[in-house]
Amino acid sequence: MNTNRLITTPKLTGSGMPVFGESDHSTESESIDSMKFQTLLRSEQGLITWGTLLSLLLLMILVSLVSNVAIVVNRKMEIQNSADSIAYSSSVWIARGMNSVSATNHAMGEMNALYSIHHALGGKWLDKHYSDKKRNSGDWKFTWPAPFGFGGALYKMTYYGLIGAYWTAKLTSLTAKGLSLLPPWASTGPGPDGDHYDRVKKHPIADINSAIFEGKEILKMQMLAAYVAHTAGAALYIEGYAVFWEVIWWPPGGNFATGRSMMAAGKAAMEAAKKLEDYIHLQYTVLDQVESVAISLAPAKLAIPSILKAVYTYQQASVNVEIPGKAIATANNIAKRTGSLKGFALGDLPSLPSGGMVDIATNLAQIFPRLPVEPEKVTHEGRSQMVRATYPWVRKWRYNINLVLSVGAPTSRASDGFIKWSNKYAMNSSQWLRTDTGKNCDNDLTVINRRKRSTGEKGKGIKLYTIYELNDRGQKSQEVWNKTGLAGTKKADEIFCCMGYAKSEQPSVLSSRFFRQENHHGIVCYSQAMIYNANSQSPPSSTSKNQPAVGWDTLAWDHSQQRVREWEDPGFWDRLFDFSSMWPDNEPKIKLNWQAKLTPVTVHKMLKTAPAAMFLDSDMRAALMNARESQFLLQNH
């Protein structure tokens with residue numbers, strides 16, 4: 001083993017004794033340093049110390065790098081989860097809002113169906129005079145021309161004809177009754193019943209444009225005919241009596257048999273007429289009972305328009321304020337709970353008005369998530385959302401009433417009139433409800449028998465919400481977003497998707513002086529979600545009498561269980577030979593099935609929302625603009 005030794009040279013002193021010491025200090029020092037360096041290079045002592053120091057240095061760098069990457073990645077994952085939660089939760093609120101819109105649409109449609117059915121029974125005149133004690137009996141003074149058209153003139157002629165026919169039948173019956181007391185003492189048939197006459201003569205309180213009025217008018221005509229038949233029977237009896245006592249023929253009494261036969265025929269005719277009068281009176285009694293029920297329900301019916309207006313006001317507040325507000329609040333709460341500095345959900349950029357400038361006051365709400373609905377703009381009343389929500393329930397609920405009218409008053413044809421007017425009023429009520437509040441709606445539902453030149457009533461301004469892009473003819477499934485191709489995809493992105501943005505501060509890392517962060521403005525993450533309807537769909541047929549089987553709708557009919565009919569207005573002959581309108585439909589099924597899910601971020605949606613994000617937050621604008629990659633190409637979810 002080599003050892004380090006101090007090498008010296010002996011010197012002689014004056015005494016001759018050798019002394020060890022350095023002979024030449026400078027030369028010896030250099031020699032010693034050279035030897036030390038060579039020895040150091042050859043030595044292995046302390047070498048592991050240097051390796052340890054170098055390893056520790058590398059380890060510290062690696063630990064710092066890994067820790068920083070873990071901190072940043074973990075923070076990005078947290079912010080990305082926050083963005084996902086914001087987008088999804090906001091979409092869930094929008095989906096709930098869509099289900100709420102469908103529910104309130106149906107609630108208004110069902111109430112309007114009840115209104116239409118009641119109106120088909122009694123009409124506007126009953127609404128105005130249901131509490132009158134005289135039951136409008138003083139309103140039918142004869143004037144010419146009739147103040148409410150041909151129907152009123154026909155009614156008045158029937159009414160006065162009924163009076164004349166009854167008294168004629170009464171007088172002839174009394175005459176026959178008097179003759180029956182004389183030989184040959186042949187009994188007569190019964191005379192007309194005064195109680196029957198008093199009931200049938202009574203004016204209906206129902207409107208002239210209603211099933212009860214028309215049914216009673218037909219029964220009055222039939223009773224008039226029965227009285228004429230009764231008069232004819234009594235007249236035949238009187239004529240037979242005259243023939244029985246005819247003396248100008250020879251031999252006397254030769255016409256006794258003929259006279260008695262004629263008197264018997266007259267009696268039979270009077271009895272048949274009396275049975276007919278009894279049956280007509282029975283039917284009139286049934287219509288009176290139905291009218292009484294309608295009168296008792298009139299106060300509840302008159303409250304329906306106000307209830308509809310209140311429900312619609314709530315729906316407007318829910319669509320425009322409540323649901324968007326909850327979506328925005330949810331985004332803020334999620335951002336706070338997940339540690340994000342800021343977070344919000346975005347719907348779309350504001351639209352440009354016709355003036356060419358963005359009106360922030362009226363269009364700012366479009367930036368935030370909103371329901372993809374708008375008040376209906378359909379001009380084809382029979383295809384309006386209100387009629388489509390009303391008519392299936394009219395068909396369903398009128399069946400029992402129609403059955404009562406069909407069985408209880410078959411010859412009055414009140415059942416046919418009920419179907420006709422319930423169909424008509426389903427559309428007329430929709431037109432009235434949808435008319436703007438500053439305009440008058442003038443149709444059969446809003447006038448009182450056309451008396452006093454009525455011009456209708458002010459509209460209620462209730463326009464049910466429909467999905468964007470429904471055309472003015474109400475042709476569902478033909479919307480732009482419902483079609484294949486780039487245009488349809490972009491439109492679907494715009495109205496059914498929303499973006500969630502989340503931002504946090506720059507994370508604190510180890511040795512930030514040496515490990516520079518990519519974006520010193522913080523971390524920004526974003527995500528996209530969409531709402532969709534999971535109900536089944538099938539292509540509509542242009543010849544089908546049913547409503548289009550579309551799922552993405554604000555009515556949410558469950559067409560897989562029961563198809564619902566479009567509004568129809570069959571004519572007299574169609575109603576006479578086609579009984580399908582009288583058949584009971586199955587209960588219409590409703591399935592509220594709007595849902596939400598995360599989807600990949602699309603470039604189109606990113607282009608539509610990133611400017612809004614940068615407009616709403618300066619830090620987010622700086623973070624997005626300072627990113628190396630274009631924010632429009634960073635597609636993640």
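**Reading rings, strands and cores**

Tutor: Let us start with one detail, in which Lys301 lies over the face of Tyr115, 4.6 Å from the centre of the ring. Please keep in mind throughout that this is a predicted model.

Student: Where else does a lysine lie over the face of a ring, and at what distance from the ring centre?

Tutor: Lys597 lies over the face of Tyr532, and here the distance to the ring centre is 5.1 Å.

Student: How is a pair of aromatic rings described?

Tutor: The general idea is that two values describe such a pair, namely the distance between the ring centres and the angle between the ring planes. In this structure the count comes to 21 aromatic pairs. For Tyr115 and Trp432, the centres are 5.9 Å apart and the planes stand at 35°, so this pair is tilted. Tyr115 belongs to helix α2 (residues 47–129) and Trp432 to helix α9 (residues 414–434), so that the pair links distant parts of the chain, 317 residues apart. Tyr115 and Trp432 are both buried.

Student: Are the rings of Tyr166 and Tyr197 stacked or tilted?

Tutor: Their centres lie 3.8 Å apart with the planes at 5°, and the pair is therefore stacked. This pair, too, links distant parts of the chain, since Tyr166 is in helix α3 (residues 149–179) while Tyr197 is in helix α4 (residues 194–201), 31 residues apart. Both Tyr166 and Tyr197 are buried. Rings can also be grouped, as in the one aromatic cluster formed by Tyr155, Tyr159, Tyr160 and Phe213.

Student: What holds the strands of a sheet together as pairs?

Tutor: In general, strands of a sheet pair through backbone hydrogen bonds, and they may do so in a parallel or an antiparallel way. Here an open sheet has four strands in the order β3-β8-β9-β10, and the pairing is antiparallel. The strands at the edges are β3 (342–346) and β10 (594–599), and each has a single partner strand, so one side of each is left without a neighbour in the sheet. From one strand to the next, the twist averages 25°. Helix α12 (residues 603–616) packs on this sheet, where the helix touches β3, β8 and β9 (523–533), and its direction makes about 40° with that of β8.

Student: How many bridges join β3 to β8?

Tutor: Five bridges join β3 to β8 (residues 497–504), and the two strands run antiparallel. Within this pairing, the bridge partner of Phe344 is Tyr501 in β8. Although β3 stands at an edge of the sheet, four of its five residues are buried.

Student: Which residues touch the most other members of the largest nonpolar core?

Tutor: In this core of 77 residues, they are Tyr227, Leu371, Ile462, Phe496, Ile531 and Trp594. Helix α2 supplies the largest share of the core, 12 residues. There is also a second, separate core of 16 residues, whose members include Phe344, Ile367, Val524 and Met614.

Student: What should I expect of phi and of peptide bonds in general?

Tutor: Most residues other than glycine have a negative phi, and most peptide bonds are trans. In this model, a cis peptide bond joins Pro183 and Pro184, with omega about 10°. Pro184 is in the loop between α3 and α4, and Trp185 lies in the loop between α3 and α4 as well. Trp185 is not a glycine, yet its phi is positive at about 55°.

Student: Is Trp185 buried or exposed?

Tutor: Trp185 counts as exposed because its relative accessibility is 61%. Ala556 likewise has a positive phi of about 55° without being a glycine, but Ala556 is buried, with a relative accessible area of 1%. Ala556 is found in the loop between β9 and α11 (572–577).

Note on methods. Residues are numbered from 1 along each chain as its sequence is written. This is a predicted model: local features need pLDDT of at least 70, side-chain atom pairs count only at pLDDT 80 or more; totals for chains, interfaces and linings use all residues. Side-chain values use heavy atoms; hydrogens and water are left out. Two strands pair if DSSP finds at least two bridges between them. Axes are lines fitted to C-alpha atoms, for helices over the stretch in contact, and angles run from 0 to 180 degrees between N-to-C directions. Contact means heavy atoms within 4.5 Å. Rings of Phe, Tyr and Trp (its six-membered ring) pair if their centres lie within 6.5 Å; planes under 30 degrees apart count as stacked, over 60 as edge-to-face and the rest as tilted. Buried means under 20% relative accessible area, exposed over 50%, partly exposed in between (1.4 Å probe, protein chains only). A charge sits over a ring if NZ of Lys or CZ of Arg is within 6 Å of the ring centre and within 35 degrees of the ring normal. A nonpolar core is a set of buried Ala, Val, Leu, Ile, Met, Phe, Trp, Tyr and Cys residues joined through side-chain atoms within 4.5 Å.
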